[in-house]
Amino acid sequence: MLKRKIFEQLRKWKFHKNNKCLVVQGARQTGKTFSIERFAEENYDEFVEINFKQTPSASEIFSGDLSVENMIMALRFRFPKKKILPDKTLIFLDEIQECQEAITSLKFWAIDNKYDVIASGSLLGIDYNRASSYPVGYVDYLKMYGLDFEEFLWGMGLSDDLISSLHTYFENKKVIPNYIHSQLMRFYRLYIAIGGMPEAVQKYIDTKDFREVDKIQRNLLQGYQYDIAHYASADEKVKAEKCYLTLAKQLLNKENHKFQYKEIEKGARAQKYYSSIDWLLRADIVHLCRLVTDVKYDLDDYARNDFFRAYTTDLSLLISMKDFSLKQYIVENTLTGNTKGGLYECAIADALYKKGFPLYFYKNETSKKELDFLIQIEGNVVPIEVKSGNTKANSLCSIIKKEKDISYAFKFSDGNIGVSEEGVITLPLYMASFL
């Protein structure tokens, strides 16, 4: 069983939930259902699970009076073998977007507070079939992603002690012994080729067969295309799929990774396609990195919604848009040019996204200064550059000299840890997951 960080987050919610239900959000196939089921096994005497997509008739439980007493009675009739006892039972409402009344019921579960209730589902950010508003003040939210690199290392069998030592190197900015660093870079390239979707990672652990992993990845990509075809409006279906399937070309085949509508079709414009990008964003199928016009806090005040880069929500989905041979080039470290630079940029974007950072980038055509990413940590703007080699980060040094409020910056490369006089902290690519 893959070890996931969400287990600890779920335990924290259980003991500090403050009369609230929990809504677990995230893209499809990131392991939401599996993780909640394992959490229930380890922490509750009884577990009641309803999947509204699998069993639509379960909606009848919530069709009448939404008092907790009535809902519990209906659950006991439907699950006669379950002992649904107060303070000992977890009720899991999966694919809850299919039942508006179940969403409404979260308020009453929270007020009653005798039963722990977790809701989950895919595509929670879009409105289809009916509106799906959650009762404000009665739910907490938890976002789940595919495996990050640290979780991947757990899956590869690395011990907690070894991974803890990596955190120590990161915190103290100490050089990692070369043997360990080279081994971690091999693991990191493997992670980029496989991605973080649990099914793909588990298939590699079980078989060590990249062909089998590739089948899983392509099935996942087809599943995402199915979601677009099934849930997007008639006006958006074709456009949204075109936008999504162009991401590999946008990110890996050219030097400028700004999302360009002309790559979708000749003469394409934002007026035609931006609504499709917005749909993909709300459906957790893409995430965006927006251009900022200045490198100052708060970055959102300087962000442009019409100038952005778009990334898949997991590396496996990007890799499956390309030929199988790309995996071989990644693992053997034989990539060159725009593909190598673009792939490492995507890997860092993936790591930062899974850490929950809103992403921005900076480009000044006049000064020719460009920063791959900007994030904010404790109210401070932190610039980031990604290098496929270990060349000097000229833009970072220039920005630190110019912007007095910026005290440090990160450069991620395939080199080791180091700190320059200007305040540029060089880190191995794999350490983005430790921020």
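A network of salt bridges links Lys5, Asp148 and Glu150, a salt bridge being a side-chain nitrogen of Lys or Arg within 4 Å of a carboxyl oxygen of Asp or Glu. The model is predicted, so that local features need pLDDT of at least 70 and side-chain atom pairs count only at pLDDT 80 or more, while totals for chains, interfaces and linings use all residues. Residues are numbered from 1 along each chain as its sequence is written, and side-chain values use heavy atoms, with hydrogens and water left out.

**Salt bridges**

- Across the whole structure, a search finds 31 salt bridges.
- In the bridge between Lys5 and Asp148, the closest N and O atoms are 2.7 Å apart; Lys5 belongs to the segment before helix 1 (6–15) and Asp148 to the loop between strand 5 and helix 5 (149–155), so the pair ties together parts that are 143 residues apart in sequence. Helices (H or I, at least four residues) and strands (E, at least two) are DSSP runs, numbered from the N terminus.
- Lys5 is partly exposed at 26% relative accessible area, whereas Asp148 is buried at 6%, where buried means under 20% relative accessible area, exposed over 50%, and partly exposed in between (1.4 Å probe, protein chains only).
- Glu8 and Arg11 also meet through their side chains in a salt bridge (3.4 Å, N to O), and, being 3 residues apart in helix 1, they are separated by about one helical turn.
- An α-helix has 3.6 residues a turn, so residues three or four places apart point the same way.
- Both ends of that pair are partly exposed, Glu8 with 41% relative accessibility and Arg11 with a relative accessible area of 28%.
- The side chains of Glu46 and Lys82 form a further salt bridge (3.7 Å, N to O), which links distant parts of the chain, with Glu46 in strand 2 (residues 46–51) and Lys82 in the loop between helix 3 and strand 3, 36 residues apart.
- Glu46 is buried, at 15% relative accessible area, while Lys82 counts as partly exposed at 31%.

**Helix 4**

- Helix 4 (residues 100–112) bends by about 25° at Leu106, the bend being the angle between axes fitted to the seven residues ending at a given residue and the seven starting there.
- The buried residues of this helix are Gln100, Ala102, Ile103, Ser105, Leu106, Trp109 and Ala110, and what covers them includes strand 1 (21–25), helix 3 (68–78), strand 3 (89–94), strand 4 (116–120) and strand 5 (139–143).
- Just after helix 4, Asn113 adopts a positive phi of about 65°.

**Nonpolar cores**

- The largest nonpolar core has 95 residues, of which Tyr244, Trp279, Ile285 and Phe373 touch the most other members; such a core is a set of buried Ala, Val, Leu, Ile, Met, Phe, Trp, Tyr and Cys residues joined through side-chain atoms within 4.5 Å.
- Another core lies apart from it and contains 29 residues, among them Val48, Ile50, Ile103 and Trp109.

**Individual positions**

- Asp227, placed in helix 9 (residues 210–231), is buried with a relative accessible area of 3%.
- Not counting residues up to four places away in sequence, Asp227 touches Arg28, Leu123, Ala232 and Trp279, contact meaning heavy atoms within 4.5 Å.
- Phe34, found in helix 2 (residues 32–43), counts as partly exposed at 38% relative accessibility.
- Phe34 and Lys387 are 353 residues apart in sequence and 36 Å apart in space, C-alpha to C-alpha.
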